[in-house]
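Biologist: Could you take me through this one? I'd like to start with the aromatic residues and then move on to other spots.

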Amino acid sequence: MRYALSIILCTLLLFCSSCGYRLGGLVNSDMKDMKTFDVQMFRNYTGYPHVAMQMTTAVGDVMQSDGTFRMVSPSRSDFSISGAVSSVSASSLITNPDDTYVSLEVELTVSVQYQITNRKTGKVIKSGTVEADGSYFNVAGNVQSAREIALSYATRKAALKIVDELTLP
C-alpha cells in the first residue's frame with residue numbers, strides 16, 4: 001500500500017512539473033535576456049500639466065509591482081522605457097436630464113506612445129501606442145481634484161497596458 005502511494009505521488013509530481021508553471025513573471029522572446037530597466041521622463045504634448053510625471057511614475061510603479069524586471073539607474077539598465085503622452089480627450093458619459101449641455105460624468109481618454117530601447121545596442125525592441133480612460137463625476141464639489149484622480153487612474157491603466165506588452169509572451 002505504501003509503495004503504491006509513493007508511485008502515485010511520484011507520478012503526480014512528474015505530471016505537475018511539466019504543466020508549464022514557473023516562478024516569476026513571463027517575458028516575451030525579445031526580452032528574454034533582459035533583467036533590469038529604467039524609465040525615462042515621458043514627454044507631454046497635451047494641455048494637462050503633470051500628466052507626463054504621472055505617466056512616468058505609473059510605468060515605474062507597475063513595472064516594480066509586476067516583479068519581472070528590476071528597476072536600476074540608467075547607466076546599469078538592460079533596457080529603457082520612454083514615451084510621450086500625445087493626447088488627453090474628454091467626452092461626456094452622462095448628461096444632466098434637465099440640461100443636456102451639462103455633463104454629470106466625464107471620461108478622460110489618455111493616448112500614450114511608448115518605446116522600449118535596448119541600452120546596450122540602442123536598438124528599439126518594441127514601440128507602440130496605448131489608450132486608457134478614467135472617468136469622474138462633474139457635480140458640486142472639487143471638480144479639479146476629481147479630474148486629477150481620473151487622469152491618474154487613466155495613466156495607471158495605460159502603464160498596465162505597456163507592461164503587459166513586455167511581460168506577456
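Biologist: How many aromatic pairs does a search of the whole structure find?

Modeller: The search finds 2 aromatic pairs. In one of them, Phe37 and Phe79 are stacked, with 6.0 Å centre to centre and 25° between the planes, and this pair links distant parts of the chain, since Phe37 sits in strand E1 (residues 36-39) and Phe79 in strand E4, 42 residues apart.

Biologist: And why is the pair of Phe69 and Phe79 edge-to-face?

Modeller: The ring centres of Phe69 and Phe79 are 5.0 Å apart and their planes stand at 80°, which is over the 60 degrees required, so the pair counts as edge-to-face. Phe69 lies in the loop between helix H2 (51-66) and strand E3 (70-71), 10 residues apart from Phe79, and ring pairs link Phe37, Phe69 and Phe79 into a cluster.

Biologist: Switching topic: is Ser111 buried or exposed?

Modeller: Ser111, in strand E5 (residues 103-118), has a relative accessible area of 8%, and because this is under 20% the residue is buried. Its contacts include Ala84, Val85, Thr129 and Val130.

Biologist: Where is confidence lowest?

Modeller: Confidence is lowest in helix H1 (residues 2-17), at a mean pLDDT of 59, and highest in strand E2 (residues 43-44), at 97, while the protein averages 84. Where pLDDT is low, the predicted coordinates should not be read in detail.

Note on methods: Residues numbered from 1 in each chain as written. Predicted model: local features only at pLDDT ≥ 70, side-chain atom pairs only at ≥ 80, totals over all residues. Heavy atoms only, no water. Helix = DSSP H or I, 4+ residues; strand = E, 2+ residues; numbered from the N terminus. Buried < 20%, exposed > 50% of the residue type's maximum accessible area, 1.4 Å probe, protein only. Contact = heavy atoms within 4.5 Å. pLDDT = per-residue confidence, 0-100. Phe/Tyr/Trp six-rings, centres within 6.5 Å; stacked < 30°, edge-to-face > 60°. Lists of a residue's contacts leave out its neighbours within four places in sequence.
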